[in-house]
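I opened this model to look up a few local features and note them down. The entries follow in the order in which I went through them.

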Amino acid sequence: MPPYLANFSLVGKTALVTGAGRGLGFEIASAMAGAGAFVVVNGRAPERLDAAVAAIRDAGGRASAAAFDVAEAVALRAALDGIERDNGRLDIVVGNVGQRDRRRIAECGDDDLRAVIEVDLVASLILAREAAERMAPYGSGRLIFLTSIASQMSSGRDAAYAAAKSGLEGMVHALAVEYGALGITANGISPGFFATETNAALATDPKRSAYFERRTPLRRWGRPEEIAGAAVFLASAAASFVNGHILVVDGGTTSQM
């Protein structure tokens, strides 16, 4: 390995990736394991997590599963305590869990709106606070949160989701300032249109898929594995002076009028 590439290594690091049973979360977890980290794969479905862990191990990585709901603060704290106890420390947290309600705001009840904000934003605030508390004694850490280009553009059926993701970006900036002096960086990744399981109905519909392809200068959907490099970079020593940044991975969608 050329000497500089060692800066992208995550050997010796312990990472927690939430919502990593499939989709972008799984790709991020797999890439971090491939870069040498021990990865704790989180989700709410134990059987899906077991399959994800098996896939990572089959590829030569190291991983374990942690089934808990990130919106349950007590379960979250217990899981972080367990990770620290089993691995000695927690170095990297990737907050990937997201909830979406693709209805017009007029069609959503009060509880529907609160549910999206609670899962996408409030749970992320609590995760960041609890993770940083455990990272601070070591003088280093990486907080990475998946935002969305929905914070900059919208279909008109995403009010709560757009509000939550915009809040996440504001949170990243605030955490960068609050925790920077402790050696903990906070950054975000803003994905564009990715052909994940969640977007399967859109990606496989010829008319709707063609629309999203036209909206992207690269004229295609993002492949799930294409999110991985951004996450590994932000988690690595190569990004040691990157703090408070939202890295957009959208094929140029938000640059096109």
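**Salt bridges**

I began in helix α4, where Glu130 and Arg134 are 4 residues apart, which means that about one helical turn separates them. For helices I took DSSP runs of H or I with at least four residues, for strands runs of E with at least two, both numbered from the N terminus. The model is predicted, so I used local features only at pLDDT of at least 70 and side-chain atom pairs only at pLDDT 80 or more, while totals for chains, interfaces and linings use all residues. Residues are numbered from 1 along each chain as its sequence is written, and side-chain values use heavy atoms, with hydrogens and water left out.

I looked up the side chains of Glu130 and Arg134 and found a salt bridge at 3.2 Å, N to O. The rule I applied for a salt bridge is a side-chain nitrogen of Lys or Arg within 4 Å of a carboxyl oxygen of Asp or Glu. Arg134 is buried at a relative accessible area of 8%, and Glu130 is buried at 6%. I call a residue buried under 20% relative accessible area, exposed over 50% and partly exposed in between, with a 1.4 Å probe and protein chains only.

Glu130 also has a salt bridge to Arg77, 3.3 Å from N to O. Arg77 sits in helix α3 (residues 73-87) and Glu130 in helix α4 (residues 110-135), so this pair ties together parts that are 53 residues apart in sequence. Arg77 is partly exposed, with a relative accessible area of 29%. I then noted the network of salt bridges that links Arg77, Asp81, Arg129, Glu130 and Arg134.

I also checked Asp86 and Arg85, which form a salt bridge with their closest N and O atoms 3.6 Å apart. Both of these residues, Asp86 and Arg85, are exposed. By the rule above I have a count of 14 salt bridges.

**Helix pairs**

How do α4 and helix α5 (residues 159-179) cross? Their axes come within 9 Å and cross at roughly 15°. That makes α4 roughly parallel to α5. The axes are lines fitted to C-alpha atoms, for helices over the stretch in contact, with angles from 0 to 180 degrees between N-to-C directions. Angles under 35 degrees count as roughly parallel.

I recorded the crossing of α4 and α5 as right-handed, meaning that the near helix is turned clockwise from the far one by less than a right angle. The residues of this α4 and α5 contact divide into 15 nonpolar, 2 polar and 2 charged. Here Ala, Val, Leu, Ile, Met, Phe, Trp, Tyr, Cys and Pro count as nonpolar, Asp, Glu, Lys and Arg as charged, and the others, Gly among them, as polar. On the α4 side the residues include Leu113, Ile117, Leu121 and Leu125, and on the α5 side they include Ala164, Leu168, Met171 and Leu175. Contact means heavy atoms within 4.5 Å.

Next I took helix α1 (residues 23-34) and helix α2 (residues 46-58), whose axes come within 10 Å and cross at roughly 30°. This crossing of α1 and α2 is right-handed. Phe26, Ala29, Ser30 and Ala33 of α1 meet Ala52, Ala55 and Ile56 of α2. I sorted the α1 and α2 contact by class and got 6 nonpolar, 1 polar and no charged residues.

Is Ile144 buried or exposed? With 1% relative accessibility, Ile144 is buried. I placed Ile144 in strand β5 (residues 141-146). Its C-alpha atom is 6.1 Å from that of Val93, although 51 residues separate Ile144 and Val93 along the chain. The buried residues of α8 are Ala228, Ala230, Ala231, Val232, Leu234 and Ala235. I found them packed against α1, β4 (92-95), β5, β6 (184-191) and β7 (246-249).

**Two loop residues**

Arg219 lies in the loop between α7 (206-215) and α8 (228-235). I noted a positive phi of about 60° for Arg219, which is not a glycine. Arg219 is partly exposed, at a relative accessible area of 47%.

Ser148 lies in the loop between β5 and α5. Leaving aside neighbours within four places in sequence, the contacts of Ser148 are Tyr161, Lys165, Glu169, Ser190 and Pro191.

How values were computed. Parallel < 35°, antiparallel > 145°, perpendicular 65-115°, else oblique.
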